[in-house]
Amino acid sequence: MAQFEEVSQKSKLHPKPEGLALQYGTAGFRTDAKHLDHIMFRMGLLATLRSKKTKSTIGVMVTASHNPEEDNGVKLIDPMGEMVTAVWEGYATQLANTEQDSLLKELKDIIEKEDIDMSEPASIYVGKDTRPSGASLSRAVLDGVSSLGGKTHDYGLVTTPQLHYMVCCCNTHGCYGSPTVEGYYQKLSQAFLQLTQNKRLLVDGANGIGALKMREMEPFLRSKLQVVLSNDSSSGKLNHMCGADYVKVQQKAPQGMNMGVGECCCSFDGDADRIVYYYTDSKGCFHLLDGDKIATLISTYLKELLTQAGLNLQIAVVQTAYANGSSTRYLEDVMKVAVCCTKTGVKHLHHAAQEYDIGVYFEANGHGTVLFSKAAQKQIQELVKDPNTNDERKRAVKLLESTINLINQTVGDAISDMLVIETVLAIRGMSVQDWHAIYTDLPNRQLKVTVSDRRVIDTTDAERRAVTPEGLQDAIDSLVKKYKTARSFVRPSGTEDVVRVYAEADTQVHMIIMLIIYLNIFN
Ligand code: NG1
Ligand code: ZN
């Protein structure tokens with residue numbers, strides 16, 4: 001068919017190495033950038049089909065988030081800024097792994113299965129993080145789109161959440177905001193400026209796109225937030241000894257940050273969709289405030305505002321198995337907030353959070369946001385306008401409205417989350433130390449173990465129990481029984497070729513003993 005002639009020609013410029021098979025994982029494809037050119041071209045093709053099918057703009061983000069600088073990756077963004085559906089993830093894997101000579105057949109199979117009208121126009125937004133491989137890989141995406149006649153808007157260097165925001169703005173015809181980087185800064189800063197007072201904050205930019213975009217945003221914040229950036233150079237290595245993942249997993253401060261005692265600091269990850277906070281005390285001890293602490297702070301704040309506003313809306317917190325047991329207990333027992341646990345990966349948390357009037361979701365690693373249902377937003381907006389609302393209720397409901405404008409509801413967003421956290425701290429008159437003291441984390445660690453085939457481990461119950469290999473869960477159970485409040489699980493990573501082991505217990509010593517026994521199980 002003439003329609004596919006160009007695909008056929010251009011795909012030869014992006015040949016697939018024979019035998020190479022990759023999987024659309026927790027957050028798209030992710031591996032050494034050397035192996036990704038054909039994947040990018042093919043994701044350009046698939047995004048074009050998805051755009052024709054949904055009659056909407058689709059996003060393609062070239063990033064490998066917290067992975068090392070040599071890696072890269074790609075993920076597709078659906079019309080409302082959410083991750084693509086499981087069925088399309090399946091198509092992505094099929095299209096990526098089909099050998100060169102059957103590419104057209106695979107493409108036509110998808111068109112047929114999805115009954116796609118190829119005469120529909122297609123529109124694709126493309127963005128990339130600061131990795132050196134990003135330029136050529138995003139060109140491969142553009143090549144894929146144009147070979148199927150789709151139109152592209154290349155945003156160049158943007159954070160992952162900025163691209164999610166653009167896609168959502170475009171498909172909601174401006175209702176969510178204006179689909180430009182400036183529109184994004186304006187929307188967030190307007191809401192922030194209404195809410196907060198002056199503050200100084202140390203920000204570790206992970207030597208990535210977040211640092212770049214924070215600099216761009218600074219003038220919009222009109223010195224209300226004095227951001228002191230470190231790890232903001234394009235010459236520093238991305239995510240190397242810095243960034244949110246390093247800080248969370250190593251439980252220590254990033255290199256290259258000049259932290260004063262008690263000073264409030266935060267780290268972004270490589271594509272600025274995660275954030276964690278921390279400080280060191282006068283004894284030099286490091287204190288981490290991770291995604292669980294963020295979820296607690298935000299949900300407590302929102303719950304208080306709902307009470308003051310007299311609004312009967314259901315608020316829930318969505319976590320994964322990695323959430324610290326203390327946070328779950330605090331939320332359920334003290335806060336009396338519903339807590340739900342899903343599999344790892346924001347697409348699962350996002351989906352679960354959509355079930356509530358207000359769904360606060362955060363992975364322990366600092367990836368998360370807040371979703372307000374349409375009905376909840378409507379109630380809040382109506383109450384703001386209601387002339388009969390008294391002053392106290394009006395203040396609370398206006399703060400709720402501003403929070404809605406400040407939060408990036410399309411996906412977890414380090415910049416937006418940072419502004420929400422700063423606002424909550426300012427309004428409640430809390431220091432980072434007060435926030436940290438809300439509850440005490442149980443000692444915990446995460447380890448990576450390399451095994452010959454990580455797929456031998458299959459899990460159930462939101463990844464908290466291992467079904468295979470036989471005997472593994474029994475071994476974990478007998479380990480956990482020995483210590484108070486101990487919890488542990490093992491799961492195969494969806495972004496790296498490793499198995500992740502997690503343990504928490506009442507004391508550091510017990511937690512470490514558990515990990516040592518674990519390592520013996522695997523060796
Ligand atoms: P995997 O590799 O599947 O554990 C990691 C993170 C996820 C999520 C994705 C995508 C942990 C334990 N896992 O997934 O939470 O952020 O990367 O970036 O932090
Ligand atoms: Zn990320």
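Author: Two residues are in contact if their C-beta atoms, placed from the backbone, lie within 7 Å. This is a predicted model, where local features need pLDDT of at least 70, side-chain atom pairs count only at pLDDT 80 or more, and totals for chains, interfaces and linings use all residues. Residues are numbered from 1 along each chain as its sequence is written, while chains are lettered from A and ligands numbered from 1 in the order in which they are written.

Reader: With which residues is aspartate 273 in contact?

Author: Leaving aside neighbours within four places in sequence, aspartate 273 is in contact with Ser65, Thr159, Thr160, Pro161, His367, Val411, Gly412, Asp413 and Ala414.

Reader: Why is aspartate 273 called buried?

Author: A residue is buried if 20 or more other C-beta atoms lie within 10 Å of its own, exposed if 12 or fewer, and partly exposed in between. Aspartate 273 has 32 C-beta neighbours inside 10 Å, and therefore counts as buried.

Reader: What makes aspartate 269 buried?

Author: Aspartate 269 has 36 other C-beta atoms within 10 Å, so the definition of buried applies to aspartate 269 as well. Among the residues that aspartate 269 touches are Ser65, His66 and Arg274.

Reader: How do you know that the annotated "binding site" residues cluster in space?

Author: The unreviewed UniProt entry gives this annotation to Ser65, Asp269, Asp271 and Asp273, and although they are spread over 209 residues of sequence, the largest C-alpha distance is 8.0 Å. Such annotations may be inferred rather than shown by experiment.
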